[in-house]
Amino acid sequence: MIEPCSYSGAATSVTPLSGRFAGRIRLSSGVNPRGPHWGRNQERTTMSTALFNNIVNDLNQIPDRRVYGRVLGVQGLVVEIGGVQTSLSVGDRCWIHGRDGRRVASEVVGFRTGRALLLPFSGLDGVGLGCRVEIGEERPTLRPTIQWLGRVINAMAEPVDGGGPLPAGDVAVPIRNTPPAAHSRRRVGGKLDLGVRAVNTFLTCCRGQRMGIFAGSGVGKSSILSMFVRNTTADVIVCGLVGERGREAREFIEDDLGEEGLARSVTVVATSDESPLMRRQCAYVTLAVAEYFRDLGLDVLCLMDSVTRFAMAQREISLSAGEPPASKGYTPSVFAELPRLLERAGPGCEGSGTITGLFTVLVEGDDHNEPISDAVRGILDGHIVLERSIAERGRYPAINILRSVSRTMPGCNTPEENALVAEARRLMSTYEDMAELIRLGAYKAGSDPLVDLAIAHHQPLETFLTQGKREGTDLSTGYELLRAALAPQR
Ligand SMILES: Nc1ncnc2c1ncn2[C@@H]1O[C@H](COP(=O)(O)OP(=O)(O)O)[C@@H](O)[C@H]1O
Ligand SMILES: [Mg+2]
């Protein structure tokens with residue numbers, strides 16, 4: 001079924017750009033944010049130019065004609081449509097016209113016996129046999145702007161913070177982008193201050209590096225992310241809260257991010273009650289927004305809590321489309337999608353900024369070898385392991401330094417810093433080897449000078465690793481404190 005189109009683009013409000021990144025940003029259109037378009041006295045010009053651009057962009061997106069199919073079957077969440085299957089491919093957006101007048105956004109997830117299979121982004125109430133299905137965008141895009149900073153959006157890039165309409169930028173960014181080619185990517189940059197001394201010193205993270213944070217539930221993953229947000233020196237933060245409970249997402253935004261953290265971040269949320277497509281797309285949108293800021297030449301810190309929920313969403317989607325499960329119920333496409341997602345973080349090409357990615361992995365049953373942990377560990381440039389036994393004795397962040405690694409170390413450190421870290425690791429590992437004997441009182445002081453040294457430094461090192469949720473320690477202070485912890489003990 002084919003129908004002519006009419007324009008129904010919505011005008012959006014535009015707020016003037018703050019001076020925070022003035023002079024640092026490279027816009028692909030060549031517009032300097034400091035230039036005449038962005039001056040305070042040019043606010044009216046800015047608004048009308050932006051509105052005009054929005055309308056032109058909306059008009060450009062309207063296809064010459066609209067093509068419709070029909071719903072031929074509904075099984076669980078999967079909608080089978082016919083009539084247009086040869087015009088569709090996997091990943092295309094469609095709109096199902098419900099009987100109650102609602103348009104349900106959906107995505108093509110596969111084909112079976114000559115029919116296209118769609119999954120909806122929301123409920124299917126009002127959808128029945130014969131309903132019209134309109135074919136939408138081939139490669140869904142979003143149009144971020146720097147004015148999205150401070151906003152909370154959902155996986156459809158709609159505002160969910162009650163802060164009014166979201167302005168649209170000039171550049172359309174594909175939601176499912178591909179990472180830059182390996183040969184054109186820059187190498188990781190200098191150190192990025194994350195504000196957590198255990199990470200800054202023992203697991204130093206460089207700009208453009210990707211790290212995983214592995215832990216069971218309730219061991220402190222979200223808390224350590226919130227510490228990074230509040231204390232990092234990155235220009236912009238993009239947070240993706242994928243499949244969290246609604247309460248947790250709200251607490252994270254209101255309490256953990258705080259006003260200051262929120263002001264320099266964009267938060268994308270899909271809670272656990274949302275459809276698997278929304279949860280998966282939340283991860284894609286998070287990276288698309290991060291890529292937008294990276295291409296402006298900024299250093300972006302991209303946080304995702306959690307990659308496991310992204311993998312679970314992909315599992316639900318592919319099982320619905322009929323893909324057979326492989327490992328622990330996870331389908332092969334989960335393991336294909338993980339690197340495609342995580343590789344999008346990293347350094348950009350020459351002239352652009354970087355995306356430093358920190359991704360949490362929920363380790364089910366504290367089994368660090370379960371399939372998702374294994375797959376993610378292999379893709380990333382380092383892992384931070386949080387351990388329940390450490391949290392239980394009240395030491396937060398509960399990082400097991402000896403089991404964690406940053407693959408950009410020791411290259412990013414000075415020889416003196418490396419020597420300090422190596423010495424601390426040596427003492428920690430000696431103490432761990434002997435911990436059982438020491439606790440039982442079976443070790444006799446003076447039998448081994450190295451063990452004596454490890455015992456003497458155990459408490460200062462534990463104190464060094466302990467950091468309150470609201471406390472920040474910058475890179476150089478971190479090394480100073482470590483030096484003090486390793487100083488000869490009386
Ligand atoms: N740095 C910290 N200082 C004190 N308590 C902490 C710290 N980090 C985490 N916690 C405690 O651990 C609990 C669980 O942390 P949370 O980040 O929600 O875990 P997860 O995201 O892994 O489920 C928090 O409620 C808090 O009591
Ligand atoms: Mg959490």
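**View 1. Ala157 and its loop in the predicted model.** In this predicted model, Ala157 is found in the loop that runs between strand 9 (152–154) and strand 10 (173–174). Its backbone has a positive phi of about 60°, although Ala157 is not a glycine. Most residues other than glycine have a negative phi, and most peptide bonds are trans. Ala157 counts as buried because it has 22 C-beta neighbours inside 10 Å, where 20 or more are required.

**View 2. Thr113, in the loop between strand 5 and strand 6.** Thr113 has a positive phi of about 35° and is not a glycine, and its place is in the loop between strand 5 and strand 6 (115–120). Thr113 counts as exposed, because there are 5 C-beta neighbours inside 10 Å and the limit for an exposed residue is 12 or fewer.

**View 3. Glu107 within strand 5.** Glu107 belongs to strand 5, which covers residues 103–112. This residue is buried, because 20 other C-beta atoms lie within 10 Å. When its neighbours within four places in sequence are left aside, Glu107 is in contact with Gly91, Arg93, Leu118, Leu119 and Leu277. The C-alpha atoms of Glu107 and Pro120 are separated by 6.5 Å, while the two residues are 13 residues apart along the chain.

**View 4. The largest nonpolar core and Leu303.** The largest nonpolar core contains 124 residues, and among those with the most contacts inside it are Phe228, Val238, Val285 and Leu303. Helix 5 (residues 276–295) provides the largest share of this core, with 12 residues. Not counting residues up to four places away in sequence, Leu303 touches Leu225, Phe228, Val229, Ile237, Cys239, Gly240 and Leu358. In soluble globular proteins, nonpolar side chains tend to be buried together.

**View 5. Two cis peptide bonds.** One cis peptide bond joins Asp305 and Ser306, with omega about 5°, and Ser306 has its place in the loop between strand 14 (299–305) and helix 6 (307–320). Another cis peptide bond joins Tyr396 and Pro397, where omega is about -10°, and Pro397 lies in the loop between helix 9 (388–392) and strand 18 (405–406).

**View 6. The surroundings of ligand 1.** Ligand 1 is surrounded by 13 residues, of which the closest are Gly220, Lys221, Ser222, Ser223 and Tyr396. By class, this shell has 4 nonpolar, 7 polar and 2 charged residues. Helix 3 (residues 221–231) contributes the largest share of the shell, 3 residues, and at least three residues come from each of domain 2 (141–410) and domain 3 (417–486).

Terms used. Residues numbered from 1 in each chain as written. Chains lettered and ligands numbered in written order. Predicted model: local features only at pLDDT ≥ 70, side-chain atom pairs only at ≥ 80, totals over all residues. Near = placed C-beta within 6 Å. Helix = DSSP H or I, 4+ residues; strand = E, 2+ residues; numbered from the N terminus. Nonpolar A, V, L, I, M, F, W, Y, C, P; charged D, E, K, R; others polar. Domains from an automatic or database assignment. Contact = placed C-beta atoms within 7 Å. Core = buried A, V, L, I, M, F, W, Y, C linked by C-beta atoms within 7 Å.
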